[in-house]
Amino acid sequence: MDLVRAFSPGPGAAAGGTAPQSGRVPATPAGAPPLDPELALALAALGDAARQPFTPANLASRQARDAAARPRPTLRDLRADGRFEVTELRVPGAAGAPDVTLVSARPADRTGPLPLLYYLHGGGMLMGNAWSVLPRLLRDWGHPLGMAVVSVEYRLAPGTRYPGAVEDGYAGLVWTAGHAAELGVDPERVVLGGKSAGGGLAAALALLTRDRGGPAPLGQLLLSPMLDDRNDTFSSHQMAGYDTWDRTSNATAWQALLGDRYGTGDVPPYAAPARATDLSALPQAYLEVGSAETFRDEGVAYANALWRAGGQAELHVWPGACHGFDTFAPEAALSRHALEARTRWLRRLLAPPGR
C-alpha cells in the first residue's frame, strides 16, 4: 500500500462519517510487537484514517479518493530537468487483453546496457499507478546504481480480476526483454521488484516466467509482499485492527482480485505465491517485512520455503515496523536502514563476477 495516499483524509473523512483525529500515539494491543517510537509518532500524525480498513462497502469510495489524490507526475516532471530519459510505451498485452503501458526511465548521463529494475507498484491490487513510484525509485537507485527502471501500469481489481495484473506484468516483461537493445538495458541483469501488492506480483511473475520458459530475471526484490490469500497467519490475527493494512483490508483486496475463487482451493500460485509447492530454480530474493505487520509471517515463511527449495534469499524483519513504514516516515532511522539494506543487496547482485 501507498499509505500517504490511501490514508489522506478526503471529504467527509472516513466512510463511517467520523473525522480522523491526529496526535494520539497508537496504543499497542496486548501481545503485539510495539511500534518503533519514530514510526508511532509519524503514524499518529496521520490520524485515525491510517487504520480505517478497506471493506467491500467503502472500496469504491476509497478507490475514487485515491485516484483523485495520488500523484501522477508528467514525463516532464520525471525527466527532472534532463537528469533522466523517460518514455511511455504501449506494448502488446496477453492474447485478448488490451495493450500494456510501461514507463521506461534511465539516467541520461549513463551509456551502455544498464541493469534494469522491472517494477510493479503497490496499492493492494486496488490502487496505484506506474508514474507515482518513479521519482523515488530513480532518486534511490537510478543515479546511485546506474540503473534503469521500467514501471508497469497493470490493471486493477475488481475491474480486472486475476489473472489480469500478472498477465500484464508478464506481457510487459517479455516485450522489455525482447527490446532490451533499444531500451539500452542488459537482459541478463533484470531485477523484478515491488512493494506490497507489487511485491506479490513480482514473486508471482518470477514463478510464471520460470514455468513458461520466459525471460530469466537475476533477482526479485520483495518489499512487504502480499503473498497469501488465505489471510490466516498468526501475524494477520495479531495485527488485526492495528496494522495500517490489516486482515480486513487484506480480505477485501483478495476478494476483489479473485472473485468467486476467493476462499476456495482453486487459487493458483500465480495469484498467491504462498500457494506454490515448487520454489526451485527461482532468482535469488530480497524479502523484508516489519515485526508489527500483517504480512510478517507470510513473508518469513516464503523466505524459508525458498531456502528449503535450495534457493538464495536475504530476509529482513525490521523491529517495530508496520506496513508501509518507509512511505509515511521516510526520514525515520528504520526507514533509512531499510533503504541501505536494499541498496547493498542490489549492489551485490548487480556487481560483475569477481568484484
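1. Basis. The model is predicted, so local features need pLDDT of at least 70 and side-chain atom pairs count only at pLDDT 80 or more, while totals for chains, interfaces and linings use all residues. Residues are numbered from 1 along each chain as its sequence is written, and side-chain values use heavy atoms, with hydrogens and water left out. Helices (H or I, at least four residues) and strands (E, at least two) are DSSP runs, numbered from the N terminus.

2. Helix H3. H3 covers residues 59-69, and Leu59, Arg62, Gln63, Arg65 and Asp66 in it are buried. Down the helix axis these buried residues fall within an arc of 165°, so they line one face of H3. The arc is taken over the directions from the helix axis to the C-beta atoms. Ala60, Ala67 and Ala68 are exposed, on the face turned away from the buried side. Buried stands for under 20% relative accessible area, exposed for over 50%, and partly exposed for values in between (1.4 Å probe, protein chains only).

3. Helices H6 and H8. H6 (residues 164-178) packs on H8 (residues 197-212) at an angle of about 60°, and the axes are 10 Å apart. H6 is therefore oblique to H8; angles under 35 degrees count as roughly parallel, over 145 as roughly antiparallel, 65 to 115 as roughly perpendicular, and the rest as oblique. Axes are lines fitted to C-alpha atoms, for helices over the stretch in contact, with angles running from 0 to 180 degrees between N-to-C directions. The crossing is right-handed, a term for the near helix being turned clockwise from the far one by less than a right angle, anticlockwise being left-handed.

4. The H6-H8 contact. From H6, Ala165, Val166, Glu167, Gly169, Tyr170 and Leu173 meet Leu201, Ala204, Leu205, Leu208, Thr209 and Arg212 of H8. Contact is scored for heavy atoms within 4.5 Å. By class there are eight nonpolar, two polar and two charged residues. Nonpolar covers Ala, Val, Leu, Ile, Met, Phe, Trp, Tyr, Cys and Pro, charged covers Asp, Glu, Lys and Arg, and the others, Gly among them, are polar.

5. Asp168. This residue of H6 is buried, with a relative accessible area of 2%. Beyond neighbours within four places in sequence, Asp168 is in contact with Val100, Tyr118, Val152, Tyr154 and Arg155.

6. Helix H5 and H13. H5 (residues 134-145) has Leu134, Leu137, Leu138, Asp140, Trp141, Gly142, His143 and Leu145 buried. Gly146 follows H5 and has a positive phi, near 60°. The axes of H5 and H13 (residues 333-350) come within 12 Å and cross at roughly 35°, in a right-handed sense. Asp140, Trp141, Pro144 and Leu145 in H5 meet Leu339, Arg342, Thr343, Leu346 and Arg347 in H13. That contact has five nonpolar, one polar and three charged residues.

7. Glu288. Strand E7 (residues 284-290) holds Glu288, which is buried at 2% relative accessibility. Outside four places in sequence, its contacts are Leu222, Leu223, Ser224, Pro225, His316, Trp318, Phe325, Ala338 and Arg342.

8. Val86. Val86 sits in strand E1 (residues 84-91) and counts as buried at 3% relative accessibility. Not counting residues up to four places away in sequence, Val86 touches Leu75, Leu78, Arg79, Val103, Ser104 and Ala105.
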